[in-house]
Amino acid sequence: MKFAWLGLLLLLLGACSNSERPLSQDGADTVVEEDSLAGMILVKATDEVVVLGTDEASAKVNERPQMRIRFGYDFSLARHEVTCGEFDSLMERSTGLSLNCADAQIPATHVTYYDAVLFANERSKAEGFDTAYTYVSAIFDSDRHCTNLEGFAYHPDVEAFRLPTEAEWVLVASMDWNPENSWNAENSDYKLHKVCGKNVANEFCDLAGNAMEWVNDWLGEFHDTEVLNFVGAPDGGSLGQRVVKGGSYRNLAESMTLYSRGDVYTVTSSTRADYVGFRLAFGAVPHATWLGNDGQSLESRIVPLASSTTLHALSGTYKMKLVFRNDLTGNLAVIDYSGATLSVVEMDDGIDAYHPDISPDGSKVAFCTGLEGVSGQSTVYVRSLEGKEKNLVKLNVESAAIPRWRVLENGDTVIVYVTDAGDNTEDADFRKKSTWQVPFKKGKFGKPQKLFDGAYHGGISEDNTLAVSGSKLLRARVAKMHSSVTEKAEDFVWYNRLQACNVSLAKDSSKRTLFLDFGGATGQNFAGEKYGTHKRLLVADASGELIQSVGAPAGNSFDHSEWVIGSENLVVASLANVNGAHQKMVLINLKDSSLIDLAEGEELWHPCLWFKKTETAEKETSLLDLDSAGIYFVSGQDWMHEALGFKMTMLWKYKDDVEILCVGSSRVEDGIAVTQMTSGFALNMGHPGNELNASLYVAENYGVNHLSKLKAVIVSLDLDLWQTTVEYTDEHFRNAPGYVYDANHFFWKEELPKDFVNAVDAAANYSASKMAYEASRGFSANGEVEWGLPLVESDSNWTDERTEQIPWNLARLDDFLGRMDSLNIRVVGVIFPQNPRYQETGAWGRYGPRRSVAAEVLDSLKKMQKHHRVFTLMDENKNGKHDYSDEMALNTDHLSALGAAQTTQRLDSLLKTLER
């Protein structure tokens, strides 16, 4: 009965629209009509044009400039946001997630992007459609919210339920954009309302206000161009950001714009907020176009499938890189697994690039312009894998192919190459070719040295006794034990002179040879079955005898197989389908013959996977649990977790240097430029999504216990955020194994394990936060904008219902100060400036409370100064009567870099005075 009632309700809602009533958008008529799908409205968008973004200089960078989107298809969009009743009816039985809302007709909020797409998939399956979203595995938190979909991919060509694209959402919203007639901060009582409580005469409701809405797109950059069938950026970049639209019940109507694409904080796929929901769209997007940040349109893309966490389980480190050839463009591409958010970066050097090989330290890649099995001239290049500079270096010899890095016994780094990588069937022709090595130091090639005759491009063993090659015969050069690489040796043809290619010699001391064959009798006899070309991966020992074989998945064959750099039993390869298209790259574990999908695309060639071996990861006798130690952030967690996680790695890095520890909210992160302080070495641990207790948790358990030079703690006193007590503490410190591990060992008060800091480094899997925080020691510098509107995003009367929160926070601070008294550690409580226009409202700050309540709290803080000798209150807000001008503001409650400079100078001066 429950589902029958839901279907009837959706049908009635869908029938509320007037069939074929045209609505105007920028002077054009977009026709909408009733859809046969319950609750959906068909939008006749073919040949329509919509403008995304704005040219307003005050807008965010990712909202500029304007970009035109042309539609070549029609689509359907839900009349309203998905309700709690609709959401629970599908998700409770499929994933166990139930929102348990007070009213079934309010929007389903506090859901992740992944929750939303799983709901879309469930509705597609319930109504007999294929699904628009695929994934390898799902990760859920303790509340059954989905925090990560490993191998996640959106397939625009599938006719299914999905989230609307940003372009679709804006096209429909612009038909009747009227935030004044929405549930907003001025009429909502700061709570959700039943869907379609406003704009009931229109086809679509609540596009502005009520709940902000997820859309389908990754957040990328706009360009001054026109794009057909735009579906967003190809990936989320280093931060993995998503687009949200429409504003919510917390926002002023005048602050809601069609071009806005985000929220107060960084929005990722795992973000949850009680004011963010979603509505569904339906339909395929033919010939979909992604637009990269370089302005290049893509009609196909490469999708990473395995997460850094999955690979960490095999390697013991997050320092991993995958480089491969995109055969559609001829460029090399790289996936850096050191960041939890994976993106594919293509290196457009204007050179047809083959056979990449990553340097031992992971910082560079060597490649060539020739192809294995094809004779002719080839050139070897080296380029950087770090930063934006390619630093291309060319090896100036007549011909060089198939480069392989090698570290000699004396520590020199060289590149081994061959003069020709063509067919090696004829003995005489093979001996005319030769193998060389050339030093590479300080970004330059040295003088090449000939090693021996024969093109042995499959690798040379560590002890110089074995070199191998393929295409089309498996050739081996065998020398005496512990020989010089140039010493005379004997040449053999292994594998009974049957065809072999993609030969790769193990990069350890085992001297195992990896290769593919053409279904030869020798391989079939060893495998005990018949198989076709490249259907099995073969491994031979140091004498050429077969010792292992791994079959390709049904319907596929292997190609371009190579040993993984830094691993003993892992192999990387391309997978080709029955049509010969190289649509996947896989990781093969020779220990159990298991396969992990790494990435998918249209033509992915020549993968090279590099792991950085760490001392800690190699120590089997280590007392540390390397699956927990130092892991302060796991794949799928949002920017707030990543920010604090990375700052924890800095805390351990600088544990013997830090004298001033700054903890608190994002106002600390944006407001204290610690490298400008001269009163002591300071570290900024401020981060978004915080409360007082979480700040003090870091100061007490990590700062006091492990910062040997600590003399002062700076803490933000965010009175408007004292609506919470330990909610953020629980969210941050129970959901990453590193914090739990530390707590279970009493935060290592007695003694820090010898390998602990190395373990923290090995566990680091952070994205752009590293670039943003490393040089500034945790400070986030932002250009000035203005104070803007005095946004009040919580009901200022929250203290009437949450009567215990403020006393609890005051008591928590008082207890902390008592401990610092006994340790003689100075504490400065900073109240950061907020929009001076809050004086025009009843609210003290962005999230309240009433100004009269704030005055009482300030009186209590001033009394604490008298009671605790180490405590000083630094009130930079002064109830809005401060001297922080517009150019010192980032937004209504955060400082720009200019404002931070003023706060930092005053704080630094105060600390010097207190020290005297």
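Reader: How much space lies in the largest cavity?

Author: This is a predicted model, where local features need pLDDT of at least 70, side-chain atom pairs count only at pLDDT 80 or more, and totals for chains, interfaces and linings use all residues. Residues are numbered from 1 along each chain as its sequence is written, and side-chain values use heavy atoms, leaving out hydrogens and water. A cavity is a set of points on a 1 Å grid over the protein atoms alone where a 1.4 Å probe fits but cannot get out, and its volume is the space filled by probe spheres on points joined across faces, edges and corners. The structure holds eight cavities of 30 Å³ or more, and the space in the largest is about 560 Å³.

Reader: Which residues lie nearest the centre of the largest cavity?

Author: Lining residues have an atom within 4 Å of a cavity point, and the largest cavity has 41 of them. They divide into 21 nonpolar (Ala, Val, Leu, Ile, Met, Phe, Trp, Tyr, Cys, Pro), seven charged (Asp, Glu, Lys, Arg) and 13 polar (the others, Gly among them). Nearest the centre are Tyr114, Asn148, Trp218, Thr341 and Leu342.

Reader: Which element gives the most to the lining of the largest cavity?

Author: Helices (H or I, at least four residues) and strands (E, at least two) are DSSP runs numbered from the N terminus. The elements that each supply at least two lining residues are α3 (113-126), β9 (146-150), β10 (153-154), β12 (212-218), β19 (303-304) and α9 (639-653). With four residues, the element that gives the most is β9.

Reader: And what about the second largest cavity: which element gives the most to its lining?

Author: The volume of the second largest cavity is about 200 Å³. It is lined by 19 residues, with His355, Pro356, Ile402, Arg404 and Glu562 closest to its centre. Two or more lining residues come from each of β23 (354-358), β27 (401-407), β35 (490-505), β39 (557-563) and β43 (604-611). The lining of the second largest cavity splits into eight nonpolar, six polar and five charged residues, and the element giving the most, with four, is β39.

Reader: On to the helices. Are α11 and α17 roughly parallel or roughly perpendicular to each other?

Author: Axes are lines fitted to C-alpha atoms over the stretch in contact, and angles run from 0 to 180 degrees between N-to-C directions. Helix α11 (residues 692-706) and helix α17 (residues 805-823) pack at about 20°, with axes 10 Å apart. Angles under 35 degrees count as roughly parallel and 65 to 115 as roughly perpendicular, so α11 and α17 are roughly parallel.

Reader: What is the handedness of the crossing of α11 and α17, and which residues of α17 make the contact?

Author: A crossing is left-handed if the near helix is turned anticlockwise from the far one by less than a right angle, and right-handed if clockwise; that of α11 and α17 is left-handed. Contact means heavy atoms within 4.5 Å, and on the α11 side it involves Leu692, Asn693, Leu696, Tyr697, Ala699, Glu700 and Val704. The residues of this contact comprise 10 nonpolar, two polar and three charged. From α17 come Trp808, Asn809, Arg812, Leu813, Phe816, Arg819, Met820 and Leu823.

Reader: Is the crossing of α17 and α18 left-handed or right-handed?

Author: α17 and helix α18 (residues 851-867) pack at about 15°, their axes 11 Å apart, which makes them roughly parallel. Ile806, Leu810, Leu813, Asp814, Leu817 and Asp821 of α17 meet Val853, Val857, Ser860, Leu861, Met864 and His867 of α18. That contact holds eight nonpolar, two polar and two charged residues. The crossing of α17 and α18 is right-handed.

Reader: How are α2 and α3 arranged relative to each other?

Author: The contact of α2 (84-94) with α3 has an angle of about 85°, with axes 10 Å apart. Glu86, Phe87, Leu90, Met91 and Ser94 of α2 touch Asp115, Leu118, Phe119, Glu122, Arg123 and Ala126 of α3. α2 and α3 are therefore roughly perpendicular.

Reader: Where does the cis peptide bond from Arg64 lead?

Author: Omega of this bond is near -5°. The residue it reaches lies in the loop between β4 (49-52) and β5 (67-70).

Methods: 1 Å grid on protein atoms, 1.4 Å probe; cavity = no way out; pocket = protein on both sides within 12 Å on 5 of 7 lines; lining within 4 Å. Parallel < 35°, antiparallel > 145°, perpendicular 65-115°, else oblique.
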